[in-house]
Amino acid sequence: QWEEHLAIDVSVANTLSAHRQDSQEKEIKKRERSKHTKYYDLGRAEDAVIVPAVVTSYGALGSDFKTLINKTKKEALRRGRYVPGLDPDFIPYWTQNIVCTAVKFLSLAAKRAVTHSGVWQKL
């Protein structure tokens with residue numbers, strides 16, 4: 001059971017870029033550390049846990065994000081909102097939904113960036 005207030009900061013790490021030197025895992029860890037540092041004081045002030053939910057453009061999830069999904073599964077089981085055997089397998093189902101949503105928003109953001117740069121109209 002979650003005793004604290006919970007906030008989620010979703011971050012999509014673009015690991016498709018050619019100039020990236022780090023592996024997906026290093027990029028995820030770097031982004032998670034950055035978010036922990038950025039929101040540490042705010043979390044303490046608000047008596048909240050702020051989870052850096054990092055997903056890469058390839059669909060890899062950060063360890064904090066995986067922990068959040070596992071805790072969510074346990075809470076859903078506790079509340080009777082998830083019934084193994086009747087409902088789709090919780091972790092793959094929600095992981096796929098999260099990754100598909102992230103990819104959708106990445107493509108929308110890329111389209112907007114291209115449109116605003118004037119390149120889209122030339123194509």
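Trainee: At what angle do helix α1 and helix α2 pack?
Mentor: About 75°, with their axes 9 Å apart. The axes are lines fitted to C-alpha atoms over the stretch in contact, and angles run from 0 to 180 degrees between N-to-C directions. Helices are DSSP runs of H or I with at least four residues, and strands are E runs of at least two, numbered from the N terminus. Keep in mind that this is a predicted model, where local features need pLDDT of at least 70, side-chain atom pairs count only at pLDDT 80 or more, and totals for chains, interfaces and linings use all residues. Residues are numbered from 1 along each chain as its sequence is written, and side-chain values use heavy atoms, leaving out hydrogens and water.

Trainee: Which residues in α1 and α2 meet?
Mentor: Lys 29, Glu 32 and His 36 in α1 meet Ser 63, Asp 64 and Phe 65 in α2, with contact meaning heavy atoms within 4.5 Å.

Trainee: New topic: how many salt bridges are there in the whole structure?
Mentor: A search finds 6, each a side-chain nitrogen of Lys or Arg within 4 Å of a carboxyl oxygen of Asp or Glu. One of them joins Glu 27 and Lys 30, at 3.7 Å, N to O.

Trainee: How many residues apart are Glu 27 and Lys 30?
Mentor: They're 3 apart in helix α1, so about one helical turn separates them.

Trainee: And where does Ile 8 lie?
Mentor: In strand β1, which covers residues 5-13.
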